[in-house]
Amino acid sequence: WELCTLFSFMREEQALERVQLEPLNKPGSTEVEVLQQLTNFSVSVAHCYDPNEEMRLRRVINAVGETQFNERIRVLATACIKQRKEENE
């Protein structure tokens, strides 16, 4: 969440250069498969382990706009997928 919130306040190009997303794979899944799930990200169904932290993060996200936040997370996921595929070629 924290990195995602920061991503919302950076220019897209700058964030994509600085953020390195490391997906936690389930056994039998690939990084690309895990990242693919983020291409459909929706903050409305995302939750934090700590309800107080979640409430603070949602305030920040709402300041940016939920639609914009979702789109930026999806763009990040798509860029990471592209990068992983290029690395594997």
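**Salt bridges in a helical protein**

Arg 58 and Glu 54 form a salt bridge, with their closest N and O atoms 3.0 Å apart. The model is predicted. Both residues sit in helix α4, four residues apart, so about one helical turn separates them. Glu 54 counts as buried, at 12% relative accessibility.

Helix α4 spans residues 51-64 and holds another such pair, Arg 56 and Glu 53. Here the closest N and O atoms are 2.2 Å apart. The spacing is three residues, so about one helical turn lies between Arg 56 and Glu 53. Their exposure can be read from the cut-off: buried means under 20% relative accessible area. Glu 53 has 16%, so Glu 53 is buried. Arg 56 has 45% and therefore counts as partly exposed.

The count of salt bridges comes to three. Arg 84 and Glu 31 also pair through their side chains, at 2.5 Å from N to O. This pair links distant parts of the chain, 53 residues apart. Arg 84 lies in helix α5 (residues 66-88), and Glu 31 lies in helix α3 (residues 31-38). Arg 84 is buried, at 7% relative accessibility. Glu 31 is partly exposed, at 29%.

Now step back to the whole fold. The protein has five helices and zero strands. Along the sequence the pattern reads α-α-α-α-α. Among contacts with a separation of 6 or more, 71% join residues 24 or more positions apart. Of the 89 residues, 30% count as buried. The accessible surface comes to about 6,300 Å². Carbon and sulfur atoms account for 52% of that surface.

Note on methods:
Residues numbered from 1 in each chain as written. Predicted model: local features only at pLDDT ≥ 70, side-chain atom pairs only at ≥ 80, totals over all residues. Heavy atoms only, no water. Helix = DSSP H or I, 4+ residues; strand = E, 2+ residues; numbered from the N terminus. Buried < 20%, exposed > 50% of the residue type's maximum accessible area, 1.4 Å probe, protein only. Contact = heavy atoms within 4.5 Å. Areas by Shrake-Rupley, 256 points an atom, 1.4 Å probe, with all protein chains shown as cover. Salt bridge = Lys/Arg side-chain N within 4 Å of Asp/Glu carboxyl O.
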